[in-house]
Amino acid sequence: MTEITTDMEAIIKQAMLSFVATINEDGTPSLSPKASLTVSDGALYFADIASPRTILNLKRNPAVEINVVDVFQRRGYRFTGRAVVLPPGNDEFSMIADWVRATNGSEYPVDHVVRIEPTSISPLLSPAHVFADPPRSQDEIRDTYRQKYTVTSGLCKPQGTA
């Protein structure tokens, strides 16, 4: 298994939204947003709150890729691996379900929990990191994109909107 670093964990927490790619029965990709991605003991987990297609796809084919990008830092990670769908009653299921409900509210259903042990991890960097000349610091990039999205009081409003 590939190691999940503290920076990767921090990006997952800061980004708050990840995108999980699975494979449909006909071989086409299926992409689903997840706000429940977390890390525990070197594995990734997310809850099935409203993801019947994701679960069906993973039960049929456990290949999965998860992309997480912090929109303000303009960087993130691509996690590739194999998924295991955990049923209710499993200790890992209970740990993640309890966390989801504590974080979001007791009304959130958790039908399954998915554990992913990454087989490969690669960084995702926007052109702001790769092509800027002169190179910009992470703080400069973050400040630029906070201004671009008019972030005030923790709320995000794209430029040009009322």
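Arg142 and Asp139 form a salt bridge (a side-chain nitrogen of Lys or Arg within 4 Å of a carboxyl oxygen of Asp or Glu), with their closest N and O atoms 2.3 Å apart. The two residues belong to helix H5 (residues 138-148) and sit three residues apart, about one turn of the helix. Helices (H or I, at least four residues) and strands (E, at least two) are DSSP runs, numbered from the N terminus. An α-helix has 3.6 residues a turn, so residues three or four places apart point the same way. Arg142 is buried, at 19% relative accessibility. Asp139 is partly exposed, at 47%. Here buried means under 20% relative accessible area, exposed over 50%, and partly exposed in between (1.4 Å probe, protein chains only).

The model is predicted; local features need pLDDT of at least 70, side-chain atom pairs count only at pLDDT 80 or more, and totals for chains, interfaces and linings use all residues. Residues are numbered from 1 along each chain as its sequence is written, and side-chain values use heavy atoms, with hydrogens and water left out. The pLDDT is the predictor's confidence in each residue, from 0 to 100. Its mean over the protein is 90. A value of 70 or more is reached by 93% of the residues. Among the elements, strand S1 (residues 18-23) has the highest mean pLDDT, 98. Helix H4 (residues 127-130) has the lowest, 82.

The salt bridges number five. One of them joins the side chains of Asp7 and Arg75, with an N to O distance of 2.8 Å. Asp7 lies in helix H1 (residues 6-15) and Arg75 in strand S6 (residues 75-86), so this pair ties together parts that are 68 residues apart in sequence. Asp7 is partly exposed, with a relative accessible area of 28%. Arg75 is buried, at 16%.

A further salt bridge pairs Arg115 with Glu117, the closest N and O atoms being 3.7 Å apart. Arg115 is buried, at 16% relative accessibility. Glu117 is partly exposed, at 37%. Both residues belong to a network of salt bridges that also includes Glu92.

Helix H1 also contains Gln14. This residue is partly exposed, with a relative accessible area of 42%. Contact means heavy atoms within 4.5 Å. Leaving aside neighbours within four places in sequence, Gln14 is in contact with Asp70 and Gln73. Gln14 and Gln73 are 59 residues apart along the chain, and their C-alpha atoms are separated by 9.6 Å.

In helix H2 (residues 52-60), the buried residues are Thr54, Ile55, Asn57 and Leu58. Seen down the axis of H2, these residues fall within an arc of 165°, so they line one face of the helix. The arc is that of the directions from the helix axis to the C-beta atoms. The face turned away from the buried side carries the exposed residues Pro52, Arg53 and Lys59. Cover for the buried residues of H2 includes S1, S6 and strands S2 (29-34), S4 (43-48), S5 (63-70) and S7 (112-125).

Strand S2 holds Leu31. Leu31 is exposed, at 60% relative accessibility. Together with Leu17 and Phe19, Leu31 forms a nonpolar patch on the surface, with about 280 Å² of accessible area. Patches are made of residues with over 30% relative accessible area and no salt bridge; like charges are joined within 9 Å, and nonpolar side chains (Val, Leu, Ile, Met, Phe, Trp, Tyr) within 5 Å. Accessible areas come from the Shrake-Rupley method with a 1.4 Å probe; for residues, only the protein chains shown count as cover.
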